[in-house]
Every structure is written in C-alpha cells, then in structure tokens.
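Please read them with the structure open.

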Amino acid sequence: MDDLHFDSVLAPDPRPDRGGVRSAYLEPPGAENHASFLHCLPDGALACAWFSGVREARPDASIHVARLEPGATVWSPSVQASDDPERSEQNPVLTALPDGRLWLLYTAQEFGAQDTAIVRQQFSHDGGRSWSAAEPFSDEEGMFIRQPVVLLDERRWLLPVFYCRALPGRVWHGDADHSAVLLTDDAGATWRRVDVPASIGAVHMHVVAMADGELVAFYRSRWGDHVYRSVSTDSGESWTEPAPLEIPNGNSSIQVARTEHDGEEVLLLASNPVRGEEGSHLGDREEMEDPHKRRAPGEPQPLTRHSSGAKERLPLTVAVSTDRGLTWRHVYTLEDEESIHPSLEHTPGRKKREFSYPSIVVDSGLVHVSYSYARRTIKHVALPLELVLGT
C-alpha cells in the first residue's frame, strides 16, 4: 500500500474489493485530531468540523471547519473557528438554520475536567468559510454535547446533551454522567430541559426523527457494554428509559443516519462494535491524584460500578436496521486489523489502533462517514448507498 498523504484529496480506495468507494485524509492543523462532525449544507456542500491541537483536553485544542464543494474531489483548507487559549474546545456540532446561518456549538473545558465544560456557539453567514466571535450558549458547568440538533420544524428544535458531574469526594471520571434534551419552541430564544430517566452511564444521545414523528435515541455506554436505545412519542417531552441493544459498545462514540431505500425507512449505525472486558465496570476504582481536575466536596462513597471501556477502538463498522434500531445487521467494515497502515506503527500508545468517533450522513445516494484516524487526521469515506445496503 502506498504511503498515506494527508492532502484532503478524495480518491478511489486502492483496495480491490472497494469498488466505488472514495476516501480522503484531511490535512491536519495540529498533532491530534478528533471528534469530527459531518453536515450537509443547503448549497450542496459537505462540511466537516473537528477539534485539533497538541493533545485532547489541552488549552490549545480548537475547532476547525472544512468544506467539500459539490462535485469537488478536494476538501478546502480548514478554517479555525474557535480560539480560547485557556480552555480546550471540543465536540463541534453544526446545524444549518432556517434563516440561512450555519450554527456551530462546541464545548470549552478546563484541561481534562469535563465537569468544568460550558457550551459555546458561533455563527457563519457564508457556509462555514468565516465565523462570528464566540459567545456563551450555556454557562452551566458540566454540560457536554456531541450529536446533531434536531429541527422538528422552523421553531421547535431539540438539542441532546449530557451532564458530567463529579461524585462527592471524587474527581470527574464519567461515573455519574447522564443525558437530557434541551427543547425550544421559539427558534432558540429560550430553552427548557427534559431529563432522560435512568440514563446514568448512557451518553452521546443521538436522536433520530422518524417519518411518523416518533423520536428514537441511541447512546454510548460509560459501562463499556452495549449501545442503548430509548424513544419519545411526544416530540421529546418524555422518554423511555435507555435499554441495551445487542450491539456492543466499549465506551466509544456512535452516530446514526436515517435514510429511505425502496420505500422503507433505514437506519445506519457507525460504531466500534467491541465491548470492554466482562465486569470491568463493576465495583470501585482506584483514584489517582490529578492536578488538572477538581475534587467535589463531600465524603466519597463506595461505587458499585464505574466508567470503563474497551482497550481498543477497532474495528469501525456500519450496521443497518429496518426496525427503528431494535435489531442491527453488519453491512460494511470501514477499518479493521487488516486495514491498519504500516505507517501507523510509529504512532505512540494505543492511538495507532484507534479509528473512532464516527460521524455519518447520507446525501444524494452516498453514505459519508468521517472519523478519527489514529488521532493523526480525520478520514472521510464516501460509500455508494447501494454498496452499503448490498443491493
């Protein structure tokens, strides 16, 4: 296999069994690149946002946005949108608003302490080529985002969030994280919160609006066991408790896309279908002092379970569901043991085996997936929908 070129060129996949598949390695602004987010823009372009810096959680991590123009085979150079030298800016979310603006949300935290995170916003009037100054979306500490905003109509929007809280006498490790949705009925002027019941450990809530109005949500698991699922039949006003599916999840981000094929609603799930070691989340954890994390007041109590996960984020696959995500069938492997490029052997630590945080959208007969490629860059893969669905 030829050497990798992080040149943003969308080129045919060189592997003989990948006919019709194209892929690009986006030019990385910094040493570490993670948490990409794809969004189809009204002008036909595809936007990709991610954070880049020396390392995740360090204050130099900032949000970058690139565009793939309609019909183009080269991604534009990325534009740096955020620039706070004192906080780590992460997990960008893009939304094309009804008024023509492109809305960017992201988290900003103190070093690696997610319980210090706040959510900020910026706007673009030119499709992501330039950005307004950062402003607060919410100053509530510990609020985190990852997944798309759902625009149910021009005024009623839904933003899935999760809350990072340190338990009494402990620093934040994700052991008490839980999910909620923020709802607005006035196009973002005011918001109210609806908690997801019994959602401790179920995070990165991705809400999918089905054709009949039912909302189906899928979750990453802090316990490193399974993807979880819940539903709402009242436009997000209430939710069922998240329940585990058969799809494994090793405490790594997932994303879901809805499309229609042959008159049928289809869901596509991009994920790392590998779980943590059995029982590794049970019991208490050994706590190490961390000068970058604050300890919550109070006396610590023994834990019956704690955040845990798989040692590797590999393979990375796409699965399909035709029953609203109750059952899934594997349809495509994006990365596995055989696809690891020899040059990644020089990548330090476990990152050389990390192909994670997928973002997936479907547009004009193509399935687009972006993901962290050993944290060295963001990889974009364009797949014919017919190839993915096996038709």
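1. Start with Ser82. Its relative accessibility is 1%, so Ser82 counts as buried, the cut-off being under 20%. Bear in mind that this is a predicted model. Ser82 sits in the loop between strand S6 (79-80) and strand S7 (88-96).

2. What does Ser82 touch, leaving aside residues up to four places away in sequence? The list is Ser62, Ile63, Glu89, Tyr106 and Gln122. With Glu89 there is also a side-chain to side-chain polar contact of 3.0 Å. Ser132 is 50 residues from Ser82 in sequence, and their C-alpha atoms are 9.4 Å apart.

3. Ser252 is another loop serine. Its loop runs between strand S19 (243-248) and strand S20 (255-261). Ser252 counts as buried because its relative accessibility is 1%, against a cut-off of under 20%.

4. Look next at the surroundings of Ser252. Beyond residues up to four places away in sequence, Ser252 touches Arg220, Asn272, Arg313 and Ser356. The side chains of Ser252 and Arg313 make a polar contact at 3.3 Å.

5. Strand S24 (residues 355-363) deserves a check. Seven of its nine residues are buried, so S24 is largely enclosed by the rest of the structure. S24 runs antiparallel to strand S25 (residues 366-373), and seven bridges join the two. Ser359 has Ser370 as its bridge partner in S25.

6. Two residues lie between strands S24 and S25, and Ser364 has a positive phi near 55 degrees.

7. Now the largest pocket. Its space is about 1,000 Å³. The lining counts 35 residues; Glu56, Arg220, Arg313, Arg350 and Arg375 lie nearest the centre. Arg220 and Arg313 are also among the residues that Ser252 touches. Strand S3 (32-40) and S7 each give at least two lining residues. By class, the lining has 15 charged, 13 polar and seven nonpolar residues.

8. The second largest pocket holds about 560 Å³ of space. Of its 22 lining residues, Pro148, Val149, His206, Val256 and Arg258 are closest to the centre. Elements that supply two or more lining residues are S3, S7, strand S12 (150-151), strand S16 (202-209), S20 and S24.

9. Which classes make up the lining of the second largest pocket? There are 17 nonpolar, four polar and one charged residues.

Definitions and conventions:
Residues are numbered from 1 along each chain as its sequence is written. This is a predicted model: local features need pLDDT of at least 70, side-chain atom pairs count only at pLDDT 80 or more; totals for chains, interfaces and linings use all residues. Side-chain values use heavy atoms; hydrogens and water are left out. Helices (H or I, at least four residues) and strands (E, at least two) are DSSP runs, numbered from the N terminus. Buried means under 20% relative accessible area, exposed over 50%, partly exposed in between (1.4 Å probe, protein chains only). A polar contact is a pair of N or O atoms within 3.5 Å; within protein, one must be able to donate a hydrogen and the other to accept it, and residues adjacent in sequence count only if both atoms are side-chain atoms. Contact means heavy atoms within 4.5 Å. Two strands pair if DSSP finds at least two bridges between them. On a 1 Å grid over the protein atoms alone, a cavity is a set of points where a 1.4 Å probe fits but cannot get out, and a pocket is an open set with protein on both sides within 12 Å along at least five of seven lines; lining residues have an atom within 4 Å of a point. Grid points are joined across faces, edges and corners, and a volume is the space filled by probe spheres set on the points. Ala, Val, Leu, Ile, Met, Phe, Trp, Tyr, Cys and Pro count as nonpolar, Asp, Glu, Lys and Arg as charged, and the others, Gly among them, as polar.
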